[in-house]
Amino acid sequence: MSTFPQGFLWGTATAAHQVEGNNTTSDWWHIEHIKPPVVAEPSGDACDSFHRYPEDIAIIKSLGLNAYRFSIEWARIEPEDNFFSQAMIDHYRAMIVETIKAGLEPVITLQHFTLPQWFRTSGGWQRSDAAEIFTRYVEKVIPILDGVKRVVTINEPNIYAGILAAQAGVQGKGFLPQPRPEDVQGLIAAHRAAVNILKLKTQLDVGWSVANLLLLPADPSAEEKARELSHIYDDQFIEVSRADDFIGVQSYSVTFTNSAGEIVLPEGYIPTDMGYAYLPDAVGRAIRYVNDKAPGLPIFVTENGCSSHDDVLRQEYLRGALEAVASCIAEGRDVRGYFHWSLLDNFEWAAGYKQKFGLVDCDRTTFVRTPKPSAYLYKELVQHYSR
Ligand code: BGC
């Protein structure tokens, strides 16, 4: 009998801004066009998934998966303060319907790193009414969530708060700077308000997805520092999840700190193209870490993957990752889904298009999608683990 429970979600994940293209009313679009540039390149047309999402969904189905995690774009739905575009709301409804028709469960993220530019310039998460503004948007999209079972409110509030701090000029130590408490409070308040409204008005299961950095001491002198940073980067966000229906766990690697709080890669570790330690079993460590901190809370691995130009490395990573997830389930940990990041090679934020997280290559000019061997391996592994 399979280790994986009945109804386990096997999927891939994307985020609107990273694949859709031309998200011109978002804060990121503006950031991408600052002169002199502060990011590697602008997102431009991305993978044109705004128009080609039926093709994306068909690929996911052809890989024998049963779920697709994607985000709906607040900046398109509310491009101006309190103007809600019905056409964009309809667009995302059509995407949800297409996903369900393909036999895939849509897992919807309401906010994945991008904001409407008007909200950002008027103070963003630090506005005193940020939670109200966010829930006003959430209420508008409730009608299109018919047939959806699970919603992620905010993607990686911990990494996101670090990105916001970096964009405000705070310096990090070999990594994103520490989140600013004002952003963290704003994000937590917005999450709680969104959960409340969704629980009041729908039957949805609601949570947020937290990156698990898993801070480890680079040497014994850094043990205290690792504990301190764990609280700042990981634990305070996991604690918030305890009141939710589930937690999304997102894992790519583990993170090493020295006693000065600088993020380092100790000798002996191979870096991925992102510079993280290449550790296929990181996801297993992340699941155990989160499960021990929030016992009883169902876990969905909402992101896990490896940036590499070498698809052989990705295949090895995927095998190791799924073995690690299987071991966690065998230990009795309540893991209910796995979403590989990402379906497509896409816009990797400040790093642009040179990072390759995709199971599927996307030609930068023709947008032709070509599944890589790792995509077919994922298909085989899912069949294997579902037996
Ligand atoms: C984010 C994604 C990102 C991925 C790989 C996560 O931090 O949710 O948007 O592309 O990791 O870096």
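**The ligand**

The model on display is a predicted one. In the side chain of Glu156, an N or O atom lies 2.5 Å from an oxygen atom of the ligand. For Glu348, the corresponding distance from a side-chain N or O atom to a ligand oxygen is 2.6 Å. The side chain of Glu303 has an N or O atom 2.9 Å from an oxygen atom of the ligand. On its own the ligand has 310 Å² of accessible area, and the protein covers 94% of it.

**Helix H11**

Select residues 282-293, which form helix H11. How far apart are the end C-alpha atoms of helix H11? They are 17 Å apart, which agrees with the 16 Å that 12 residues should span at 1.5 Å a residue. Now colour the buried residues of H11: Ala282, Val283, Gly284, Ala286, Ile287, Tyr289, Val290 and Asn291.

**An open sheet**

Move to strands S6, S8 and S9, which make up an open sheet in the order S6-S8-S9, with mixed pairing. Strand S6 (215-217) and strand S9 (263-264) are at the edges, each having a single partner strand, so one side of each lacks a neighbour in the sheet. Strand S8 (residues 255-257) runs parallel to S6, and three bridges join the two. To view this pairing, select Pro217 together with Thr257 in S8, which stands opposite Pro217.

**Arg369**

Select Arg369, in strand S13 (residues 369-371). Is Arg369 buried or exposed? Its relative accessibility is 8%, so Arg369 counts as buried. The backbone oxygen of Cys47 is 2.9 Å from a polar atom of the Arg369 side chain. The backbone oxygen of Phe367 likewise lies 2.9 Å from a polar atom of that side chain. Leaving aside residues up to four places away in sequence, Arg369 touches several others, among them Asp48, Glu55, Asp56, Leu344 and Asp361.

**Two cis peptide bonds**

Select Lys35 and Pro36, whose connecting peptide bond is cis, with omega near -10°. Pro36 belongs to the loop between helix H2 (27-32) and helix H3 (49-62). Then go to Trp341 and Ser342, which are also joined by a cis peptide bond, with omega about 10°. Ser342 is in the loop between S11 and strand S12 (360-362).

**Two residues with positive phi**

Asn82 has a phi near 65°, a positive value in a residue other than glycine. Its place is the loop between helix H4 (74-77) and helix H5 (86-101). With a relative accessible area of 48%, Asn82 is partly exposed. Leu214 has a positive phi near 50° and is likewise a residue other than glycine. It is found in the loop between strand S5 (205-211) and S6. At 9% relative accessibility, Leu214 counts as buried.

Definitions and conventions:
Residues numbered from 1 in each chain as written. Predicted model: local features only at pLDDT ≥ 70, side-chain atom pairs only at ≥ 80, totals over all residues. Heavy atoms only, no water. Helix = DSSP H or I, 4+ residues; strand = E, 2+ residues; numbered from the N terminus. Expected span 1.5 Å × (residues − 1). Buried < 20%, exposed > 50% of the residue type's maximum accessible area, 1.4 Å probe, protein only. Polar contact = N/O pair within 3.5 Å; in protein donor to acceptor, adjacent residues only side chain to side chain. Areas by Shrake-Rupley, 256 points an atom, 1.4 Å probe, with all protein chains shown as cover. Pairing = 2+ DSSP bridges. Contact = heavy atoms within 4.5 Å.
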